[in-house]
Amino acid sequence: MNKTRHIGLHAIKMISHSMRSGSGVAFIFLTILIGLSLANLAVTPIELELVTVEELQDSSARAIGVALATATLRASDEDDNQGTLTSRMENGDLIDLGMWARYLVIENPMLLSITVLLLGVVLPLLLPLGSFTVISGDVQHRTVRYLLPRTSRSSILIGRWLGSMILAWSLIIFLLCSVVIYLSIMIPSESLEDLIPWAGRCFLALFFLTIPYVSLGILCSATFSVPMVALLATVGSTIGVPLLSLSLQEAWEPLGNLLYLLPWGYSHELLSPTTSKVVEASAYCLLHGLLFLILALLKFRRADL
Amino acid sequence: MSEPKHSIQIENLEHRFGTKVALSDINWRLPQKGIVGLVGPNGAGKTTLFSLIAGFLRVQSGKIKILGSSSPGQASLAGRMGVMPQDAIFAKDISILDQLLYLLKLDGITGASAKSRAFEIMKRVGLEKEIHRGASILSHGMGKRLGVAQSLLGSPEIVLLDEPTAGLDPANARQIREFMREVGKTALVIVSSHNLLELQDLIDEVGVIVDGKLVASGTVEEVTQRDRRFEVTFGVPVTPEMLVQIDQLDAVQSVNSDSYQMSIDLDASGETGLDQALLTLQQKLVDLGTPAYELREGASLEQAYMKLTSVPENTPEE
């Protein structure tokens with residue numbers, strides 16, 4: 001009971017400190033700015049009258065289909081003689097992916113889909129900015145020493161993890177609301193009636209995607225007592241894992257599975273039209289987050305503070 | 001289950017930082033209440049021992065039993081210890097009141113009683129005017145006082161204070177000492193300090209750490225029993241002959257003079273102990289026709305410390 005109360009207190013303190021000290025506000029501002037910039041990027045071709053909405057939909061469906069096919073079907077890429085992925089899609093060889101791209105871009109509000117897909121890439125790099133000092137900052141300044149005689153180490157870590165999660169989820173709600181409002185103003189043809197339910201679906205995808213990446217930030221923050229090192233470790237591993245897996249895969253294909261050290265290997269499934277795949281990807285996100293949280297707990301409980 | 005007789009029991013404690021041995025073979029039992037001093041040269045291991053008792057560092061070898069718990073950092077100890085770490089700092093961008101209220105909430109004190117406790121404790125350390133400000137405006141001394149205040153927020157049974165009066169002006173240092181005396185009536189206060197004269201008047205027991213080893217522990221009388229220093233003031237300047245005559249006494253180990261004052265180290269280890277040594281000294285002074293205008297105990301703890309740490313007393317201070 002006391003532990004639950006302490007976890008709640010640490011979470012509230014983490015959120016209020018982050019907002020009042022300005023770092024949380026700066027983080028929210030930065031993320032919304034990036035989110036709106038991405039939305040603006042998606043809108044620009046239409047604004048500049050380079051393409052019509054229909055043409056953009058068509059080309060986006062192709063581009064997203066190719067990107068998804070490249071990400072998910074690299075293993076079957078050896079039979080190049082059958083033609084490029086694009087031509088395979090056009091020939092109906094990759095019906096599932098074609099349907100997926102169609103589902104994302106044509107059946108649902110296209111620009112919101114594109115924005116959220118881009119966010120799925122950008123968010124993992126942004127989230128560490130909100131969590132890298134959560135533990136390491138207090139360890140560096142020894143402020144944590146005022147807490148240790150009063151509360152358990154696990155309460156501190158879980159409380160701050162929870163606070164970071166709530167902050168990140170609130171941020172995603174702000175972000176999607178602002179993107180939806182922005183898009184409905186810029187492209188009136190994308191009606192709010194279509195945008196809002198789809199935004200809810202996108203929120204769920206980003207909600208689950210947040211869990212492993214915030215947990216990774218907390219793990220690095222609990223491992224490194226210098227905040228800047230914790231930040232570099234989080235961002236470095238987030239970028240490094242896909243780059244490493246792609247380059248090592250060239251040497252030996254199974255090394256491509258390194259991609260699954262982080263959610264990069266399955267995160268796109270969070271927006272799949274197939275419900276079972278969404279559930280599966282969400283479960284993987286939860287498990288990944290849990291694994292990072294347990295590792296952070298083990299590290300923090302044994303650390304000299 | 002009966003309450004343990006000792007608040008803290010340390011057995012065969014060892015701690016290393018890499019290959020450097022910071023503490024070795026520490027065995028120490030500390031009472032349930034009173035004020036215990038922890039002294040030793042810089043780098044002797046005082047802060048390491050504090051950090052191990054407080055649960056900041058993990059115990060590598062040996063045991064520390066605290067208030068019946070088998071090791072530091074147990075959930076059962078939460079809120080029962082108050083710690084003033086030497087180098088911790090409060091968050092600079094949040095008001096001190098908010099930070100104290102947060103700590104009080106963790107101690108289980110909320111609402112109006114938490115607020116009144118925060119104001120009361122800040123008044124005790126003379127910082128009531130700063131309570132609505134951020135910690136960034138505090139001077140070094142104020143930060144120390146705030147550290148002491150937070151360690152005594154709840155009702156801790158053990159209080160660890162790492163150099164609480166270092167850098168404080170005499171009035172504030174006195175205020176903190178009085179506070180410690182008051183707390184020491186109901187709780188165990190462990191305090192480290194380099195001001196041995198200050199400690200001697202304050203503490204009931206002392207532990208001396210040198211090179212990671214506890215070389216002496218017990219009551220101040222026990223630690224200083226063999227060597228007691230007295231300061232004697234005369235109505236006339238001290239002459240070389242007086243020094244020679246006093247130095248020749250069996251009970252006198254060494255003697256130094258400064259104008260109208262003599263600093264005499266007595267050997268109180270004889271059968272009749274300190275009383276006999278003092279009688280012999282005073283008789284000699286009367287015989288010399290130079291009665292003492294004032295005779296008071298000097299820095300006995302410092303003298304014992306110097307011997308235990310093997311530092312020559314005439315070593316110039318840094």
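Two residues are in contact when heavy atoms of one lie within 4.5 Å of heavy atoms of the other. The model is a predicted one.

Start with chain B as a whole. Its secondary structure comes to ten helices and 13 strands. The C-alpha trace of chain B spans about 70 × 45 × 40 Å along its principal axes. Of the 318 residues in chain B, 51% are buried.

B:Ser263 belongs to strand 12 of chain B, which covers residues 261-267. Is B:Ser263 buried or exposed? Its relative accessible area is 15%, and B:Ser263 counts as buried because the cut-off for that word is under 20%. If neighbours within four places in sequence are left aside, B:Ser263 is in contact with B:Arg229, B:Phe230 and B:Glu231, and also with B:Ser254, B:Val255 and B:Asn256.

Now turn to the place where the chains meet. The size of an interface is often expressed as the accessible area that is lost when the parts come together. For chain A and chain B the buried area is about 2,600 Å², with 55% of it on carbon and sulfur atoms. In chain A, the residues that lose the most area to chain B are A:Arg145, A:Tyr146 and A:Arg150, which together account for 32% of what that side buries. The contact draws on 25 residues from chain A and 30 residues from chain B.

How many salt bridges cross the interface of chain A and chain B? The rule finds one. A salt bridge joins the side chains of A:Arg150 and B:Asp107, at 3.2 Å from N to O. Polar contacts between chain A and chain B come to 13 residue pairs, with both residues at pLDDT 80 or more.

Which helices of chain A each supply at least two residues of the side that touches chain B? They are helix 1 (2-20), helix 8 (144-147), helix 9 (153-186) and helix 12 (275-302). Helix 1 of chain A gives the largest share of that side, seven residues. By class, the side of chain A that touches chain B holds eleven charged, seven polar and seven nonpolar residues.

Note on methods: Residues numbered from 1 in each chain as written. Chains lettered and ligands numbered in written order. Heavy atoms only, no water. Buried area = accessible area lost by both parts, 1.4 Å probe. Salt bridge = Lys/Arg side-chain N within 4 Å of Asp/Glu carboxyl O. Polar contact = N/O pair within 3.5 Å; in protein donor to acceptor, adjacent residues only side chain to side chain. Helix = DSSP H or I, 4+ residues; strand = E, 2+ residues; numbered from the N terminus. Nonpolar A, V, L, I, M, F, W, Y, C, P; charged D, E, K, R; others polar. Buried < 20%, exposed > 50% of the residue type's maximum accessible area, 1.4 Å probe, protein only.
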